[in-house]
Amino acid sequence: MCVLSEVIEKLSRLDKILKSQKVFITAQGADEGSASALDTLITFLARHKGTFLESSDLVAAALQGVPLNQAQEIGVLAAIEILITGVRKVHELLLLLPRETAKPQASFLLRDCFGREDLRASIVLTNFLSAYEYRFEDILKKINVEQEEREHLKQGGNVLCQAFADRENPLAWAVLAHEYGHCLDEEHAISQGIRPGDGLDSAVVAETVADFVAAHVLGPASLLPILFLEMMQPQLKRLERISAGHPPTPLRVQLVRDYLRDLGVGTADFELEFTAYEHDYARKLQRMDDGGRSVEAAGQEARSFLVPLAGPISSKVNSLGLRRFEEQNSINAKGLRETLSRRQPISSRRLRPDNEIFGALNSLTSGQTPPDRAYEALSGLDEVPVPSSEILTAGWIYKLTSFEGKLVETFPGGGRQPNLAVYADYVDKVDDWLLKSLELAAVHAEVRRRLDVM
Amino acid sequence: MLLSDIDIAMRLVNPDPLKRLVVTPIISAKRQFGPSSLDVRLSTDFQRLENMNSPYLALGKRLPDEERAYTERVVLAADGRFFLHPGEFVLASTLEYFRLPDDLAGRIEGRSSWGRRGLLVHATAGFVDPGFAGVLTFELSNAGRLPIELTPGLRIGQVCFFQMSSRSLVPYYAKQGAKYFEATTLEASKADTDPEVANQNPARRSP
């Protein structure tokens, strides 16, 4: 179900990007070549979508809990994999098209999470489906920019790359917090100060530092985009041994959950997704030529090296003085989820319960209440901005408790045609609420700052 | 009947969902409440009309789809600035998100202090239907002779609310062809979706 949701979501996002590119290219009167590259991508994606939809009755049956035989189950999985292939290929080929800038809300989010006005990092879009980070200075070295010129360019800072498909998807931006964790790691030389031990590349330690930084500021929601994206991978990477790069994901999940537990933050709201991920991972292990033995061996090796380092890494991350995600933020996020389900932005909350404010207002009499008392009662309506981490967590809880129903609505079965527009509308709307919420929270905080100065 | 400050305030926390008015966020009630209105703030999003790519606005042009060709979108940072030049017309939106119950209508107006600087906040469409939800659109123009500096969060407008004689039979959310329902950011004109425009005689359609 999670995999289907992820791929249908990515499909709707790609459809939107391609449609928007079509308008852009037509409007700019671009040459035939550009338009033709775009048309080719649209046709390619449509072909994969068409093939997938041929199995929509089986998909609908699976969604409605109708037992499928083994051949039917394989058919559903094959159909989903065909769609995944189409989505992944087209996303890679977006490199051929004109690019847009990242949404400003992505910077709002990072500024708020890390409490920094100047992030010293830019956010750009990439054709990779996952996010990554690089240092401007490292690229200058790679492209052989002269030392003298490099001096003038070294202020470039860090660049955070975000998938095109996630441009308007704040829930996926939790990964940006991980990437920004790399910036902090470099700035404070955290992983450099931790001896990785024989056979363990320091890059693996750096990934753990970034994971802990993201979890520190965003809580358990920092893991979810990684899990959803990985579930969309058709197979696991073959790992002979751990090397430069990310530790095996199940180990990352375990380390982050342990880290959060030590901070007093539970992960109960996301247990179902962690379990779904474990099932998906086990299924993919079984499908490997060697029954997954190479991956499991690499995982064991990584575990034996990394688990003892978790303590020193968490100490260093905790000493950075970042705003910490607390259990209370999780509780608040559940309340915000209710507001989101009433189809409203979730950027702020009142400090007093509404019934109490209503009572206070009700006790006033027009024309007889002194202005001071009237203002005091009215000030109960003032709202305070909520942290971006609560907005993202609420968004994830909302998505995880609503996507299944939307999938069933999208694939009604019983001979009725699937309607992908239903899911696309749902995805758009959730994006809209969350983008607006992040924008509101940023402006709200800025206005309060100005009012406080007065 | 025009709602007073206390009536507006009580609607914002009314326990009856059918009577509840949503305006969020209220950043400072003390500053935002007038005797019979609520001040609203400017958001980060602006849309300038481009006059270089098209000779005129044809009836059937699908402005929403082609807004990138005919408009320039400007999104400010929370502490960014936007300069509205004399005679310029831009679309912007309220920071606040609204949801009106079925028995309240609203009207957006400018604020006197900004009017004196030549800032007009709507050209013609200041009415808010019962049952509407979304941000409200500012149709900003500068009638003065100097550019006006604007920043997100400024209180440039105010909304007043009217108690209707009865609940609307077909509130905005239920209306066929409600074009701007639940918009969270400003949206360009969708006049082309009006059947009178969409179904005009092809022989008389603009080139």
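What share of the contacts in chain B with a separation of 6 or more comes from residues 24 or more positions apart? Such residues account for 79% of them. Keep in mind that this is a predicted model.

**Stop 1: chain B as a whole**

Chain B has five helices and 12 strands. Its length is 207 residues, and 34% of them are buried.

**Stop 2: strand β6 of chain B**

Now select residues 89–99 of chain B, which form β6. Is this strand mostly covered or mostly uncovered? It is mostly covered, with nine of the 11 residues of β6(B) buried.

- Select β1(B), residues 22–24. β1(B) runs antiparallel to β6(B), and three bridges join them. Look for B:Thr24, which stands opposite B:Tyr97 in β6(B).
- Select β3(B), residues 37–49. β3(B) pairs with β6(B) over four bridges, in the antiparallel sense. Here B:Arg48 faces B:Val90 of β6(B) as its opposite number.
- Select β10(B), residues 133–142. Eight bridges link β10(B) and β6(B), and this pairing is antiparallel too. Find B:Leu91, with B:Glu139 of β10(B) opposite.

**Stop 3: where the chains meet**

Show chain A as well. The contact between the chains takes 34 residues from chain B and 37 residues from chain A. Which elements of chain B give two or more residues to the side that touches chain A? They are α1 (5–12), β1 (22–24), α2 (29–32), α3 (67–70) and β6 (89–99). Select α1(B) next: its four residues are the largest share of that side. Then colour this side of chain B by residue class.

**Stop 4: the domains of chain A**

Colour chain A by its domain assignment: domain 1 (2–96), domain 2 (99–188), domain 3 (201–316) and domain 4 (327–347 + 386–453). Focus on domains 2 and 4 of chain A, whose centres, taken over C-alpha atoms, are 25 Å apart. Their contact uses 11 residues of domain 2 and 14 residues of domain 4. On the domain 2 side, select helix α5 of chain A, residues 104–114. This helix gives the largest share of that side, five residues. By class, the domain 2 side has six nonpolar, two polar and three charged residues.

**Stop 5: the largest nonpolar core**

The largest nonpolar core has 162 residues. Among those with the most contacts inside it are A:Val7 and A:Leu218. Select helix α18 of chain A, residues 420–453, which gives the core its largest share, 14 residues.

Now zoom in on A:Leu218. Beyond its neighbours within four places in sequence, A:Leu218 is in contact with A:Cys113, A:Ala174, A:Ala177, A:Phe325, A:Ser389 and A:Leu392.

**Stop 6: one isoleucine**

Finish on A:Ile226, in helix α10 (residues 224–231) of chain A. Why does A:Ile226 count as buried? It does so because it has 23 C-beta neighbours inside 10 Å, and the cut-off for a buried residue is 20 or more. Leaving out residues up to four places away in sequence, A:Ile226 touches A:Val175 and A:Thr249. Draw a C-alpha to C-alpha distance from A:Ile226 to A:Val175: it is 7.3 Å, although the two are 51 residues apart in sequence.

Note on methods. Residues are numbered from 1 along each chain as its sequence is written. Chains are lettered from A and ligands numbered from 1 in the order in which they are written. This is a predicted model: local features need pLDDT of at least 70, side-chain atom pairs count only at pLDDT 80 or more; totals for chains, interfaces and linings use all residues. A residue is buried if 20 or more other C-beta atoms lie within 10 Å of its own, exposed if 12 or fewer, and partly exposed in between; C-beta atoms are placed from the backbone. Two residues are in contact if their C-beta atoms, placed from the backbone, lie within 7 Å. Domain bounds come from an automatic or database domain assignment. Ala, Val, Leu, Ile, Met, Phe, Trp, Tyr, Cys and Pro count as nonpolar, Asp, Glu, Lys and Arg as charged, and the others, Gly among them, as polar. A nonpolar core is a set of buried Ala, Val, Leu, Ile, Met, Phe, Trp, Tyr and Cys residues joined through C-beta atoms within 7 Å. Two strands pair if DSSP finds at least two bridges between them.
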